[in-house]
Each structure stands twice: as C-alpha cells, then as structure tokens.
Amino acid sequence: MILQTFISLFPFISLKNLNLIEKVYIILPNVKKELNQKIIQIFEFFNFGFIYEIEGEYYIYDLDDVIQFENGLMIKLYFPDCKMFKFQNLFESVFHYLGIKHYVILNDLVDGKRLLKVIHDDLDFLDNYNPLKNLKWSEKDKRWMNHKLYREDLIPIYLFTS
C-alpha cells in the first residue's frame, strides 16, 4: 500500500484586490439549534464572510426583562460597492421565513479612530486613558459608582428637564 500525501496550496488574496469595501454584521441572538445548519447553508454562498456562534443576553427597550440565550449567530459579510438595502430586504425576508423574530443588521459603521482624530486632533490620550478612574468606592452602597453622575444620596447631578 502506498501512502500519498497531497499538498494543497491556497493563494493569498487580499481584500484590496477583491474590491470588497462594504461590511455587514448580522446578529441573530436567539436561534433554534436546528436552524443553524440552514443559516450556514444560506450564507455559505457569499464570497467572503465569517459565521460565529455566540451566547449571552440582550435587552429590548419595550420588554421588561433581559433575555438570556445560549445559541446565537453573528455573521460578518464583505461585499463590493453595491446597494445594500436590497440585500437587507432579502435578509429580512429570510429571517421572517425562518421564524427569527429578533435580529440586528449593521452596516455603514463609523471608523472610531478617524472620528476621535477629528474631534481631538491626536490620539495620544488613548495611551493613558483609564475609564476606571471615573469610579470611586461608595462605603454606603458597598459598590463602585461614578461620582460624576450621582451625588452620595444617589440623586443625579445632571437632570434633564424639558
């Protein structure tokens, strides 16, 4: 018996060469396990994309409780310059057909570093910024709290009145 070894070569193709400039993030927080394979089969037809399994919790504004889930998917797809609203309508139709009630489709996200550079001129403050400096230990409540938002008696400093 002869053992043959096959070597497969995968060429490196950068996203710049493919002209993929649009990114779409789809978050499906609470998906039935039997739908995972169908969703993977649907989204495997796209040229370049990633599918991640997620778990956690989410909150919808009108509902009272935080919803916990153990099976969810996050899908990241790359597209060339195209009309994304057509794909968004197709995604919504697929999710409606599969019976997925809650989902988020994100595109046209802002590059945070460029936005901060426009606002602050330079990004040097990111090297020494520590958001935990805003928190102080409250002996009364035995927890960390933001002293810039609330007084010691838990009354908001900034009251928004209309």
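Two residues are in contact here when they have heavy atoms within 4.5 Å of each other. The model you are looking at is predicted, so local features need pLDDT of at least 70 and side-chain atom pairs count only at pLDDT 80 or more, while totals for chains, interfaces and linings use all residues. Residues are numbered from 1 along each chain as its sequence is written, and side-chain values use heavy atoms, with hydrogens and water left out.

Let us stay with Pro80 for a moment. This residue sits in strand 3 (residues 67-80). Helices (H or I, at least four residues) and strands (E, at least two) are DSSP runs, numbered from the N terminus. Pro80 has a relative accessible area of 38%, and is therefore partly exposed; buried means under 20% relative accessible area, exposed over 50%, and partly exposed in between (1.4 Å probe, protein chains only). Although Pro80 and Lys23 are 57 residues apart in sequence, their C-alpha atoms are 8.9 Å apart in space.

Now step back to the whole chain. It has five helices and six strands, and from the N terminus on they follow the order α-β-α-β-β-α-β-α-α-β-β. Of the contacts with a separation of 6 or more, 57% are between residues 24 or more positions apart. The chain has 162 residues, and 19% of them are buried. It exposes about 14,100 Å², with carbon and sulfur atoms supplying 57% of that area; accessible areas come from the Shrake-Rupley method with a 1.4 Å probe, and for residues only the protein chains shown count as cover.

Asn36 belongs to helix 2 (residues 33-43), and it counts as buried because its relative accessible area is 13%. Apart from neighbours within four places in sequence, Asn36 is in contact with Val31, Glu53, Asn71 and Leu73. Asn107 lies in strand 4 (residues 104-107) and counts as partly exposed because its relative accessibility is 23%. Not counting residues up to four places away in sequence, Asn107 touches Lys23, Val24 and Met84. Asn107 and Met84 are 23 residues apart along the chain, with 8.4 Å between their C-alpha atoms.

On the surface, Val110, Leu115, Val118 and Ile119 form a nonpolar patch, with about 420 Å² of accessible area together. Patches are made of residues with over 30% relative accessible area and no salt bridge; like charges are joined within 9 Å, and nonpolar side chains (Val, Leu, Ile, Met, Phe, Trp, Tyr) within 5 Å. Ile119, one of the patch members, is part of helix 4 and is exposed because its relative accessible area is 53%.

Asp121, Asp122, Asp124 and Asp127 make up a negative patch. Lys and Arg count as positive and Asp and Glu as negative, while His and the chain ends are not counted; the place of a charge is taken as NZ of Lys, CZ of Arg, CG of Asp or CD of Glu. Asp122 is in the loop between helix 4 (112-120) and helix 5 (125-128), and counts as partly exposed because its relative accessibility is 36%.

Finally, the structure holds one salt bridge, meaning a side-chain nitrogen of Lys or Arg within 4 Å of a carboxyl oxygen of Asp or Glu. It joins the side chains of Glu139 and Lys142, at 3.0 Å from N to O. Both Glu139 and Lys142 are exposed.
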